[in-house]
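Below are some notes for a colleague looking over this model. They are set out as numbered points, and a question comes before the overview.

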Amino acid sequence: SGKSTTVALLLLIKAMGETLRILCCREIQNSIADSVHKLMSDLISQYHFVGWTITESSIKYRNGSEIIFKGVHNNTQSIKSTEGIDICFIEEAQSISQESIDVLIPTVRKAGSYFVWCWNPLTEQDPVWTTIASRPDDRTYVRKVNSEDIEQLLSPEVIYEREKMRQDNPDLFAHVWLGQP
């Protein structure tokens, strides 16, 4: 429904405006191909953003901003030693375990730092829902974002597939495009 693209694009724009260290992670990341690295690289190319250096493991901007990519599961020691994170983007957060949430939250501790959790719920018992979204505090902003919210960013092909699924499989459409468990 465009959530990942929207978040990735906003993070790139934000990193061009100020020097940031952004950690992009997910529960399981066996290789960089499992991350949002390609999505961000493609967005840099699509929008003709200049000043970026893309390597196999990170993306850096000329102002010193750095975007790094890590899996959390079976990688907690590496995550715990990741310092100076301004923004932590958790992709596919419906799959993140409670154990991983418990590692991430105290690790991202720089003053002013924050998390962006991006997911399509699998169940109402997803740890990201029960721990973060269902009990927001004064520092938590919960926003449901679906494809209609970012229509201008979608290609005609994606819109066609969305509408086809809406007609052919309403239940799957509700999960994929409306974020329903």
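Does Arg 139 count as buried or exposed?

1. Arg 139 counts as exposed, at 70% relative accessibility. The residue sits in the loop between helix H5 (127–133) and helix H6 (156–168). Its C-alpha atom is 9.0 Å from that of Tyr 114, and the two residues are 25 apart in sequence. This, like everything below, is read from a predicted model.

2. Overall fold. The protein chain has seven helices and six strands. Along the sequence they come in the order α-β-α-β-β-β-α-β-α-β-α-α-α. The radius of gyration is 17 Å, close to the 16 Å that the globule rule gives for 181 residues, so the protein chain is as compact as a globular protein of that length. Along the principal axes, the C-alpha atoms fill a box of roughly 45 × 40 × 35 Å.

3. Burial, contacts and surface. Of the 181 residues, 43% count as buried. Taking contacts between residues at least 6 apart in sequence, 68% join residues at least 24 apart. The protein chain exposes about 10000 Å², and carbon and sulfur atoms supply 52% of that area.

4. Charges. The protein chain carries 18 positive and 24 negative charges. The mean position of the positive charges and that of the negative charges are 6 Å apart.

5. In soluble globular proteins, nonpolar side chains tend to be buried together. Here the largest nonpolar core has 22 residues, and those with the most contacts inside it are Leu 12, Ile 22, Cys 24, Met 40, Trp 52 and Ile 67. At least two residues of this core come from each of helix H1 (3–17), strand S1 (21–26), helix H2 (37–46), strand S3 (58–61), strand S4 (66–71) and strand S5 (87–90). H1 gives the most, with six residues.

6. Which residues does Ile 67 touch, not counting those up to four places away in sequence? They are Leu 12, Ile 22, Cys 24, Met 40, Trp 52, Ser 58 and Ile 59. Of these, Leu 12, Ile 22, Cys 24, Met 40 and Trp 52 are also listed, as is Ile 67, among the residues with the most contacts inside the largest core.

7. A buried loop residue. Thr 82 is found in the loop between helix H3 (76–80) and S5. With a relative accessible area of 4%, Thr 82 falls under the 20% limit and is therefore buried. Setting aside residues up to four places away in sequence, Thr 82 touches Arg 21, Ile 68, Lys 70 and Thr 107.

8. Positive phi values. His 48 is a residue other than glycine with a positive phi, near 55 degrees. His 48 lies in the loop between H2 and strand S2 (52–54), and at 65% relative accessibility it counts as exposed. Glu 92 also has a phi near 55 degrees, again a positive value in a residue other than glycine. Glu 92 belongs to the loop between S5 and helix H4 (98–107). Its relative accessible area is 31%, so Glu 92 is partly exposed. These backbone angles can be looked at in the displayed model.

9. Thr 6 in H1. Thr 6 lies in helix H1 and is buried, with a relative accessible area of 14%. Leaving aside neighbours within four places in sequence, Thr 6 is in contact with Ile 150 and Leu 153.

10. Where does Glu 163 lie, and how far is its C-alpha atom from that of Thr 76? Glu 163 is in helix H6. The two C-alpha atoms are separated by 40 Å, and the residues are 87 apart along the chain. Glu 163 is partly exposed, with a relative accessible area of 26%.

Technical notes. Residues numbered from 1 in each chain as written. Predicted model: local features only at pLDDT ≥ 70, side-chain atom pairs only at ≥ 80, totals over all residues. Heavy atoms only, no water. Helix = DSSP H or I, 4+ residues; strand = E, 2+ residues; numbered from the N terminus. Rg over C-alpha atoms; globule rule 2.2 N^0.38 Å. Buried < 20%, exposed > 50% of the residue type's maximum accessible area, 1.4 Å probe, protein only. Contact = heavy atoms within 4.5 Å. Areas by Shrake-Rupley, 256 points an atom, 1.4 Å probe, with all protein chains shown as cover. Lys, Arg positive; Asp, Glu negative; His and termini not counted. Charge placed at Lys NZ, Arg CZ, Asp CG, Glu CD. Core = buried A, V, L, I, M, F, W, Y, C linked by side-chain atoms within 4.5 Å.
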